[in-house]
Amino acid sequence: MSTRRLHHDQPQSFAFNAASMETVRFWLAKYPADRQRSAVIPLLWLVQKQEGWVSEPAIRLLAQMLDMPLVRVLEVATFYTMFHLHPVGRHHLQVCGTTPCMLRGSEALKDVCARRVGAKHTPTADGLLSWEEVECLGACVNAPVVAIDDYYHEDLTPETLEARIDLLQRGEKIAAGSAIGRSASAPEGGSSVLTDPSLYDGSLAAPMALPNRPIPAPAAG
Amino acid sequence: MDKRFRAHCMAKILIDDDEIDVPGEYTLLQACEAAGREIPRFCYHERLSIAGNCRMCLVEVKGSPKPVASCAQQVKDQRPGPNGEPPAVVTRSALVKKARAGVMEFLLINHPLDCPICDQGGECDLQDQAMAYGRGGSRFDENKRAVADKNMGPLVKTAMTRCIQCTRCVRFAQEIAGVPEIGAISRGEDMEITTYLEATLGSELSANVIDLCPVGALTSKPYAFNARPWELSKTETVDVMDAVGSNIRLDSRGPEVLRALPRLNEGINEEWISDKTRYAVDGLRRQRLDQPYVRENGALRPATWDEALSRAASALSGAPARIAALAGDLACAESMKAALDLLRALGVANMDCRQDGAALDGRGQRQGWLFNTSIAGIEQADAILLIGTNPRFEAPLINARIRKTWRAHATAIGMIGEQVDLTYPYAYLGAGPRTLQDVAQGEQGFAQILKNAKRPMLILGMGALARPDGHAILRLAGRIAAACGLVRPTENWNGFNVLHSAAARVGGMDLGFVPGEGAMGTKAILEAAGSGGLDALLLLGADEVAIQKSRAVTIYLGSHGERGAAQADIILPGAAYSEKNAIWVNTEGRVQYGQRAVPPKGQAREDWAILRALSARLNKPLPYDDLFALRKAMIQDHPSFGAVDYAPGANDAAQFRPAELGKEGPLDEALFRSPISNFYFTNAIARLSETMAACSAAADAARAQSAKGAKHG
């Protein structure tokens, strides 16, 4: 984890757009008037959804909206690695570099990112892509994993990652999930046990007698 | 039921096999201290909330598999032994020793070993506790982390690599000072303490974080690299920067006062002092009057004591009706007593200790000019009405006490005066006398709150009294006190309070340093001096009065060459507050003895001694030759000076008739304005202090910045 500080180059101002503002109002309505600060994390997240990253003017705005000391918003924004404090590309790649992914080849994925996207935390010149290394994404069973925007791309190889970057650069949609087509964390190549379909149709279940089953009340005459 | 009146529930606990009874809500750390054990700590502080993040206070609790942080667990939550024995805590076992050594080793991993160049050296908790509880060496041979230093303004110097993240400063700013501007950003190894974008701390109490910091991360900027604690002479004395009379310790080396530190006094300043108290001391070495001067051909020239005294004597030997005297805001009781006796011997009745013209009589009921609730008593209050005062500037420690009360009990606070940020919310009732009148007539909602309160109080500031209709305002306030039952002798409660802004004021009032019958007060004296109605004017350190081209011979007796001395014809160099043994009476009426830390500068003498010499020149020798005789005479004439460090509080409330204070009269339409527009420049010493100038500039810049931000926002 690198030291998290505000970006050196900040925009002049920040304002929520109409769509974000609707969600902002939803969150503010959840908390009592003197506890508005409880909404700080959702609101920081909305800032990030709108702009891609959290800027200083946005922190200032939230402090004002939530009646919170400035430094308290800054504390939250710098604490959670989920908040980007530096500008990101339209598509942001988060490569997991923690042990299971590393053992399954995330080093090679990082090389791909460095070659295709450039330096960490630095968007490409066209502003399309940026990448960073993150700690465990919690999908170790499908390692290596890269989170592209809001979705996980699992079981990647350098080739499959490059294919996804190609698609992004062509402006096409990419399918999230496992690159080798497995369902969630099911075994590669499908299940090898518990494959008998009769297990699942209820036919194997013997009728049971419950000794203390309550006697149904006689129907009202 | 108000939790202030709830009985403590005692609990038994075994500390190293000693059974003791402590209140159940005590923490284990407090219980260990009650049993006489010393528990090391960094983040724990009695007056701050509990953080529990330094882990230095680990103790062993029987039944717990691991050592526990004793600051973060309460006695009442401990589990009894298997046979119902009281819970047992061990502070002296091998496990505890090892735990402390381990925590110490971890804390030192990222702490630089730069004690030789660190200003905290010699008074550093980390240094002391490393010696007492740490291992001999470290097993860590990786790189230490380094942290960029942060700007926190002109007072607090930072060396953030030394920070051990105890968060005392964060909690102080949030809880005591009420300016939540310090925070801990980022996390883990990257955690750093900073203000938002390294802004200057916007508090009058900010420098207390230096005392709180257990390491050398936050140190004193003006005092940086000046001295080591062991080379300083320490003098316990009292502060004169405001009327609170904070207890301080002056640290001096040779003839110079290097710093002021707070001294514990639960009744007054607890363990805090304001930034002005702490840092105006560098004004003690600038523009000092170190020899007598006389004016010749329009310019002041150095003179001998003999010449200056004889000139002063001849000026004062004229007609008594054409002589007047004014005492300044820092004057000690002894100098005022000596001046008073001299003036009386000369038959002079034109004198005043109220440079601002506050409408307090100085005769009759002493409670009429005191802070009767007492500062500690504020914590009992459940409704507070502030009238024409900005306690944040006039008495930052009283403001901190009000904030403490508000935090603990959500006290109802009403304000009539300027709408300023006091660090706690209040009901803003209005800006001027008209609102006060509404409250007095019971038409204002807050009057009902005062009436229904158990412990109501009002605080009357100089912004309401130092104005032409001050007497009528005082009468109104007194009527509110009477009508709302602010004075309750049977309950030992007196809720009528005058908040002074000058250290000398209550002493002067107690002595009766006010105009005699039909004589001139401050305003009349100044007009007479300008219009030629006076022959001689004695200024006793009076620097806050503006005389338009005085035609009287002006004698200035004081310590600093500032406003008062600039308009003087004869200058008699006196001693500053750090240079004399003297008495000041704070706004509560508490008589406190100041001690001399350093000798007066050059040929300067203690003020009372100068007046004694002057009296001999006038052939009216004062009847005392030393300070003790003077004090004896003072106590004899004014018995209130005999009770040292005693705040009368509500003890004489039965004789108090608040409704008789002041005079009926027409009310002015003018709004109340605090007498202090710039907190950092309230007296000659502070105005001459470079540190105070830097603070004032930083505060102005911060204000301009926030105004700009508001415009953009």
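Here are a few notes on chain B and on one of its helices.

1. First thing to keep in mind: this is a predicted model. If you go looking for secondary structure in chain B, you'll find 21 helices and 28 strands. The radius of gyration is 28 Å, close to the 27 Å that the globule rule gives for 713 residues, so chain B is as compact as a globular protein of that length. Along its principal axes, the C-alpha trace spans about 90 × 60 × 60 Å.

2. How much of chain B is buried? Of its 713 residues, 60% count as buried.

3. Now look at who touches whom. Take the contacts in chain B with a separation of 6 or more: 71% of them are between residues 24 or more positions apart.

4. Charges next. Chain B carries 82 positive and 83 negative side chains, and the centres of these two sets lie 1 Å apart.

5. Let's zoom in on helix α11 of chain B, residues 433-440. Its buried residues are P433(B), T435(B), L436(B), V439(B) and A440(B). Looking down the axis of α11(B), you'd see these buried residues fall within an arc of 155°, so they line one face of the helix.

6. What covers the buried residues of α11(B)? The cover includes strands β17 (383-387), β18 (412-416) and β19 (427-430) of chain B, along with helices α12 (445-452) and α14 (470-483).

Methods. Residues are numbered from 1 along each chain as its sequence is written. Chains are lettered from A and ligands numbered from 1 in the order in which they are written. This is a predicted model: local features need pLDDT of at least 70, side-chain atom pairs count only at pLDDT 80 or more; totals for chains, interfaces and linings use all residues. Side-chain values use heavy atoms; hydrogens and water are left out. Helices (H or I, at least four residues) and strands (E, at least two) are DSSP runs, numbered from the N terminus. The radius of gyration is taken over C-alpha atoms; the globule rule is 2.2 Å times the number of residues to the power 0.38. Buried means under 20% relative accessible area, exposed over 50%, partly exposed in between (1.4 Å probe, protein chains only). Contact means heavy atoms within 4.5 Å. Lys and Arg count as positive and Asp and Glu as negative; His and the chain ends are not counted. The place of a charge is taken as NZ of Lys, CZ of Arg, CG of Asp or CD of Glu. The arc is that of the directions from the helix axis to the C-beta atoms.
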